[in-house]
Amino acid sequence: VNAADPGWGSRQADFDDRHWPVMDVPGFWSSSEALTDFDGIVWFRRTFEFPADAPVGATELHLGAIDDQDETWINGRRIGAHLEAGKYNTPRRYRVPADVLHPGTNVVVVRVLDTGLEGGFAGPADAIKLVRTKGEPGVAIGLAGSWRYQIGPALSRMPAPPPPVEMHRNDPSVLYNGM
């Protein structure tokens with residue numbers, strides 16, 4: 001799937017996404033006519049304004065739970081990922097390095113891989129925000145609402161994964177690893 005995903009250069013802050021359709025986040029793909037029954041990769045982009053007078057300090061990006069896996073960038077810099085299977089209900093919280101945010105327009109990009117069922121941002125809306133974690137409390141920028149999105153490769157077009165290797169508990173390497 002990763003090799004088939006063009007990415008469109010969309011991780012970069014200056015990428016032109018004006019032709020991409022819009023979807024409300026949070027929300028599951030099954031509620032979108034374009035993504036009903038879609039399993040695969042969808043790219044999401046959202047711009048936000050970071051105030052020039054915002055105090056410098058420890059900041060986190062909160063995205064709520066994402067079904068299933070994600071990689072996330074701000075202003076073209078990768079800040080985090082959840083690529084493990086079975087983490088569809090784990091809220092995403094990524095530390096944002098101090099040199100990533102700048103006064104004015106910033107861009108957050110999330111590449112979501114859904115491997116079955118719903119897909120998308122599980123919410124709630126107040127869980128999707130940029131927050132300060134130290135220093136002056138109460139500084140938060142809500143990111144729920146309209147996000148641009150682009151459909152990437154579908155899992156149905158990918159070759160089948162190799163079958164799992166059957167291992168018995170008495171196989172020599174299994175016995176060794178279990179000791």
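Two strands pair if DSSP finds at least two bridges between them. The exercises below apply this to a predicted model.

**Exercise 1. Strand β4 and its partners**

Task: Find which residue of β9 stands opposite His62, and state how many bridges join β4 to β9.

Solution. 
- Step 1. Locate the strands. β4 covers residues 59-67. Strand β9 covers residues 120-132.
- Step 2. Count the bridges. There are 8 between β4 and β9. The pairing cut-off is at least two, so the two strands pair.
- Step 3. Read the direction. β4 and β9 run antiparallel.
- Step 4. His62 stands opposite Lys129 in β9.
- Step 5. Turn to β7. This strand is joined to β4 by 6 bridges, again antiparallel. Here Ala65 faces Pro91 as its opposite residue.
- Step 6. Check the burial of β4. Of its 9 residues, 8 are buried, so the strand is largely enclosed by the rest of the structure.

**Exercise 2. The open sheet**

Task: Give the strand order of the 6-stranded open sheet and name its edge strands.

Solution. 
- Step 1. Write the order: β1-β11-β3-β8-β5-β6. The pairing is antiparallel.
- Step 2. Find the edges. β1 and β6 each pair on one side only, and these are the edge strands.
- Step 3. From one strand to the next, it averages 30 degrees.
- Step 4. Take one pair from the order. β3 and β8 share 11 bridges and run antiparallel. Within this pair, Phe48 has Asn106 of β8 as its bridge partner.
- Step 5. Recall the background. Strands of a sheet pair through backbone hydrogen bonds, either parallel or antiparallel.

**Exercise 3. Salt bridges across the chain**

Task: State how many salt bridges the structure holds. Then work out which parts of the chain Asp17 and Arg148 tie together.

Solution. 
- Step 1. Take the total: 7 salt bridges.
- Step 2. Side chains of opposite charge can pair when their charged atoms come close.
- Step 3. Take the Asp17 pair. Asp17 bridges to Arg148, with the closest N and O atoms 4.0 Å apart. Asp17 sits in the segment before β1 (22-25) and Arg148 in strand β11 (residues 145-154), so the pair ties together parts that are 131 residues apart in sequence.
- Step 4. Compare with the accessibility cut-offs. Buried means under 20%. Asp17 has 12% relative accessibility, so it counts as buried. Arg148 has 27% and counts as partly exposed.
- Step 5. Move to Arg92 and Asp70. Their closest N and O atoms are 2.6 Å apart, in a salt bridge. Arg92 belongs to strand β7 (residues 91-96) and Asp70 to strand β5 (residues 69-74), so this pair ties together parts 22 residues apart in sequence.
- Step 6. Check burial for that pair. Arg92 is buried at 0% relative accessibility. Asp70 is buried at 1%.
- Step 7. Move to Arg77 and Asp99. Their side chains meet in a salt bridge at 2.8 Å, N to O. Arg77 is in strand β6 (residues 77-82), while Asp99 is in the loop between β7 and β8 (104-114). The two are 22 residues apart, and the pair links distant parts of the chain.
- Step 8. Arg77 is partly exposed at 37% relative accessibility. Asp99 is exposed at 58%.
- Step 9. Look for shared partners. Salt bridges that share partners join Asp17, Arg45 and Arg148 into one network.

**Exercise 4. Backbone geometry in the loops**

Task: Find where the cis peptide bond to Pro26 lies, and state whether Asp37 is buried or exposed.

Solution. 
- Step 1. Read omega for the Val25 to Pro26 bond. The value is about 10 degrees, and the bond is cis. Pro26 is in the loop between β1 and β2 (27-28).
- Step 2. Read another cis bond. Asp67 to Asp68 is cis, with omega near 15 degrees. Asp68 lies in the loop between β4 and β5.
- Step 3. Turn to phi. Asp37 has a phi near 65 degrees, positive in a residue other than glycine. Its place is the loop between β2 and β3 (40-50).
- Step 4. Apply the cut-off. Exposed means over 50%. Asp37 has 74% relative accessibility, so it counts as exposed.
- Step 5. Treat Asn75 likewise. Phi of Asn75 is near 55 degrees, again positive in a non-glycine residue. Asn75 sits in the loop between β5 and β6.

How values were computed. Residues numbered from 1 in each chain as written. Predicted model: local features only at pLDDT ≥ 70, side-chain atom pairs only at ≥ 80, totals over all residues. Heavy atoms only, no water. Helix = DSSP H or I, 4+ residues; strand = E, 2+ residues; numbered from the N terminus. Buried < 20%, exposed > 50% of the residue type's maximum accessible area, 1.4 Å probe, protein only. Axes fitted to C-alpha atoms, helices over the stretch in contact; angles between N-to-C directions.
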